[in-house]
Amino acid sequence: MLQFTIISGLPEYLQSSVSAGHLRIAQERRALEVETVDLRDYTEDSYRTIDDEPYGGGRGMVLKPEPVWRALKTAGLKMPEAGGKLGNRRASGHPWVILPTPKGKSLMQEDLVRLSKKRHIIFLCSRYKGIDERIRAWVHEEISLGDYVIGGGEAAALVMMEGIARLLQDVVGDKESVETDSYTCGLLSAPTYTRPEEFMDWSVPQVLLSGHHAEINRWRRKQALALTLVRRPDMLAKVELNDEDKKLLSEVIIEQAGRS
Ligand code: ADE
């Protein structure tokens with residue numbers, strides 16, 4: 001069983017989302033346990049202060065180290081007491097602490113796969129301008145959703161948790177659906193359709209109604225190759241193509257050239 005602990009100054013942001021969708025299913029199927037921790041419960045002043053002004057001046061508030069340190073210790077992180085060099089105060093390997101931050105490494109599907117094999121992940125969510133730099137000593141990994149800034153780490157932690165939860169055994173009923181995900185198989189996935197067959201003069205491609213599985217698979221593979229060629233040629237350059245793929249891709253290129 002995997003455990004997520006989310007340490008946040010805004011736990012109400014997380015409440016409904018951790019009880020919905022894949023996160024709910026994973027918990028119901030005992031593949032996952034989710035605990036949200038209110039950082040303010042680890043303050044010692046009557047205002048329950050978790051942030052303060054930056055030394056040296058400047059705009060924005062900074063997350064204080066003491067409540068984070070207490071919350072991490074309570075969540076099970078093994079840390080030497082203060083003293084010694086910063087390097088000596090690094091947290092040991094278990095649980096795994098992730099700091100969502102725009103300064104981190106960009107999140108990829110392979111990170112979700114790697115993280116889905118951990119036993120306990122703590123997401124340390126900051127809002128405000130950022131964290132006191134000394135908190136970084138207890139963080140194993142800093143992860144960014146992408147090259148933009150959002151209001152805080154909670155939404156980023158939810159993205160990661162949902163991405164990980166659906167990879168856990170028995171959470172997504174159809175294993176093949178996970179294996180053919182865009183980014184898992186290296187190509188963007190083919191378009192999908194459902195009933196009705198005709199919708200406002202648009203009809204579903206005939207091949208999908210044919211019941212001919214080999215033809216359907218061929219059509220899907222060709223569509224995936226075409227879409228990836230147009231939208232993400234960088235992905236296409238990395239994927240291993242077999243002879244049939246190469247044939248389909250040359251058909252796509254000829255058809256696209258004919259259209260332009
Ligand atoms: N917090 C603010 N912006 C973020 C981003 N892009 N990724 C992760 N955490 C964040």
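Tutor: The discussion below concerns a predicted model and takes the ligand site, the domains and some backbone features in turn.

Student: Which element gives the largest share of the shell around the ligand?

Tutor: The shell includes P100, T101 and P102, together with I143 and S144. Two elements give two or more residues to it, namely β8 (141–144) and β5 (96–106). The largest share, 3 residues, comes from β5.

Student: How many charged residues does the shell around the ligand have?

Tutor: Among the residues around the ligand are L145, G146, V149 and A156. By class, 8 residues of the shell are nonpolar and 4 are polar. The number of charged residues in the shell is given as none: there are no charged residues.

Student: How far apart do the C-alpha centres of domain 1 and domain 2 lie?

Tutor: Domain 1 covers residues 2–165, and domain 2 covers residues 181–259. The distance between their C-alpha centres is 39 Å.

Student: Which peptide bond is cis, with omega near 5°?

Tutor: Most peptide bonds are trans. P196 is placed in the loop between α6 (175–179) and β9 (198–199). The cis bond, with omega near 5°, is the one from R195 to P196.

Student: Is M200 buried or exposed?

Tutor: M200 sits in the loop between β9 and β10 (202–203). Its phi is positive, about 45°, although M200 is not a glycine. The relative accessibility of M200 is 61%, and the cut-off for exposed is over 50%, so M200 counts as exposed.

Student: Why does R48 count as partly exposed?

Tutor: R48 is found in the loop between β2 (32–38) and β3 (51–52), and its phi is positive, near 55°. R48 counts as partly exposed because its relative accessibility is 33%.

Student: How far apart in space are P233 and L187, C-alpha to C-alpha?

Tutor: P233 lies in helix α8 (residues 233–238). In sequence, P233 and L187 are 46 residues apart. In space, their C-alpha to C-alpha distance is 9.7 Å.

Conventions:
Residues numbered from 1 in each chain as written. Predicted model: local features only at pLDDT ≥ 70, side-chain atom pairs only at ≥ 80, totals over all residues. Heavy atoms only, no water. Near = heavy atom within 4 Å. Helix = DSSP H or I, 4+ residues; strand = E, 2+ residues; numbered from the N terminus. Nonpolar A, V, L, I, M, F, W, Y, C, P; charged D, E, K, R; others polar. Domains from an automatic or database assignment. Buried < 20%, exposed > 50% of the residue type's maximum accessible area, 1.4 Å probe, protein only.
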